[in-house]
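Let's walk through how the chains of this model meet. Have the structure open as you read.

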Amino acid sequence: MTAIIQTSSGLKSYLDGKGEFEVIAGRTVFDTLVDLNIKPELIALVVVAGEQKSKDYVIQENDIVKVMAVIGGG
Amino acid sequence: MNGYGGKILRVNLTTGKITKEQTPIDVARDFIGGRGFGAYFLYKEVPRGADPLGPDNKLIISSGPMSGLMIPGAGKCDFTTKSPLTGGYASASMGGHFTAEIKYAGLDSIILEGISSKPVFLFIDNDRVELRDASEYWGKGTIAAEKQFKEKFGEEFQVAVIGPGGENVVSYACINHDFGRQAGRGGVGAVMGVKKVKAIVIHGSKSIPVADVNAYRVAGKALYKACKDASFLQEWIRYGTTVVTSWCDEVGALPTRNFSAGSFEDGKGLYAPVMREKIVITDKGCFGCPSPCGKYSRSKKYGSYVEGPEYETIGLLGSNLGISDIEAVAQANLLADDAGIDTISAGNAIGWAMECYEKGILTSKDTDGYDLHFGNIEATFDLIGKIARKEGFGALLADGVKKASQKIGKGTDKFAIHVKGMEQSAYATHNATAMLLAYMTCDVGAHHNRSWAITYDLQVGRDLVVPEKVARVIWLQNFRPMFDVLGGCRLQWVELGIERDLYIAALDAITGIHRDWNDYEMVGDRIWNLTRMFWAREIDGFDRRYDIPSPRFYEEAPESGATKGQITKIEDVHRLLDMYYEQRGWSKNGLPTSERLASLNLSELVA
Amino acid sequence: MRLYVDNSKCSGCNACRVACSLNLFNENNPKKSALLVLPHFPSPGVYEVKVCTQCGDCAAVCPDEAIKQNAKGAWYVDFEECSLCEACVPECPEGVMFVKGELATAAWKCDLCGDCVDVCGTSALWISEKENAVA
């Protein structure tokens, strides 16, 4: 069971320059980020199908999970 | 001059004389425009020791080469003056459509000088420039006043207007435009108000000259394509700056109860999806912007329309006051906008007052009978109006937290959250040393726009005090405000992450002058040093003491929230400053050296 | 083929109007554009965009036959032929036929170049086939 994580541009350095990564479904966003070596506290926004989710959201099969870090800020 | 309106408009309000001069090529070369023009004319023309509320102070209003062009975010206008709030440099950046109209009227800057004997508004229609009687508008809120100007002159006129806050010379009065944009900070509205200028009403239909039209059209379209292809464009449009509210709460950056903590236990009612669902009706943008961050809203509870609240207002008029209802924050936002006072400074002032009350330092006898506990929504609404009218308890708060706490004494200055007299914007910095340094060294006071480094702090280690952090803050301070100098918005680069070199192609084609980002950053460095010299010139004994943050951030660890028990050490505050001054090429006491000034060609100007 | 707009997506940015003036006149001047962005603020707080629907009513009344069809089938003004008589202006149901002698020596209107669509960040504008094509 797999899903996709899509990251905002500022996080590419964590994924070897890629903006998209295939992950195993069934785990929380939080745990998945830890596995990808992305500190969960860097992520400001998690969106699945246009809706904001918390980092406790359990990723479902075929989900496209967008995670955004606010690098530049306000 | 390609990319420019071409003329500087001077309005002497004392004599009524109106003149125009060619925009000086050498000033455009060395200072570019926007905030750069503001800094140049401020230093050069406002005499040392000028009373910010006197006839010698000037309000310098400037567009830049980006303004009014087909470039994402081409809609920012700079307002520079000597600040009645801090006594130092003030520069506020206003979005919307005003800056574009300045260019279409064949202008680059409008400089207001002197003081009018009676209320006037400045009317500009292409080459026709007149001072007109404003008595029928004086006293009106900004919303009603702008509506009236638009009905009288037409929608194609852009309006910048003050409210009762500016008319009553509140230290942090702002200037309003387009039913929701402000030149917010530092009291630029107070300067306009003391000069008795109610509004500037402007229309222009000239073309902006461009060096290479074909190359400009290609480069401009490439910028828009990059924005439209940005992976998080939809999310940014959906939430705007409110996208960070929940995250700031999570990481301890959300100002809570007068910055006593960085997380708000009742914060969920303020989060972006709640706000979107409850009140947002239109995604409203500034000139040329493909990623409109304005969330134009209608509160059903209060029946009012307002643009916002933006993150800053959610922080300072929401969590900072212990208020958890987004509709109440929207209403407070509207009241502040209509009154024409800065929501950030007002939220700090009211938060300070609430802490005084909770500590028993002020009682209801002092607060006009209000039970000024954190969370008191009705008192917040009323105080906004009282501040704008300098009425009752509002008069004390209208001076800002630094002066208010000096007046009250009793240790209240320990929790007046400001730097250099300007109240801190909405990031709690108990344990985030790059962001703390950003607030300490920002050139107008405690504002985040020059350097925003919270994610960076989390990435590399919140409490780390290392040269790399300082270098990062300095780079951001030289680079980010270049958008204010260019007369455009930084948020397309900042939030959408588009390639910044795309701007170079467009700016080269527009101006006919090739500059890369190193060249622009050098201009940023020049302006930074010039405005530092302005502080040193205007404030007796100006030195590193003015860069020290509120003791709240080095003496009082939060008792709750994500940063519970965490605090920066005062030794680290000084270490950060030592490294900062060294990297800036300044003396150990924080003043630019003559070598530094010479390297930036500033020696003659600051002699 | 014609331009369409979803008003609910318009943010009022006016990038479309700058792109339009650059296409029609090679000039950076939204006052010389062929679409209108009308703000309705403070209430109800929405933007209303007027675009050319390519109805052809302007062409039908032009005494100089100055309004012609281009390769896309869109009506455009041949600047050489226009006498600024303004017969077309009141015919336009959308108010997007422009005659302003102080700004240009001919009338101007939308020629369906599509540049406005390219610079619209919220995708409020698009071009497609006319929904009810009249033979």
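Start where chain B meets chain C: 41 residues of chain B and 34 residues of chain C take part in the contact (heavy atoms within 4.5 Å). Together the two chains bury about 2800 Å², with 55% of it on carbon and sulfur atoms; buried area here is the accessible area (1.4 Å probe) lost on putting two parts together, summed over both. Met70(B), Arg217(B) and Lys228(B) supply 18% of what chain B buries there, more than any other three residues.

A quick word on the ground rules. This is a predicted model, where local features need pLDDT of at least 70 and side-chain atom pairs count only at pLDDT 80 or more, while totals for chains, interfaces and linings use all residues. Residues are numbered from 1 along each chain as its sequence is written, chains are lettered from A and ligands numbered from 1 in the order written, and side-chain values use heavy atoms, leaving out hydrogens and water.

Back at the B–C interface, there are five salt bridges, meaning a side-chain nitrogen of Lys or Arg within 4 Å of a carboxyl oxygen of Asp or Glu. In one salt bridge, Glu101(B) pairs with Lys31(C) at 2.8 Å, N to O.

Now turn to chain A. Here chain B brings 28 residues and chain A brings 24 residues, and the area buried between them is about 2100 Å², with carbon and sulfur atoms giving 53%. The salt bridge count between these chains is two. Look for Lys66(A) and Glu235(B), which form a salt bridge with their closest N and O atoms 3.3 Å apart.
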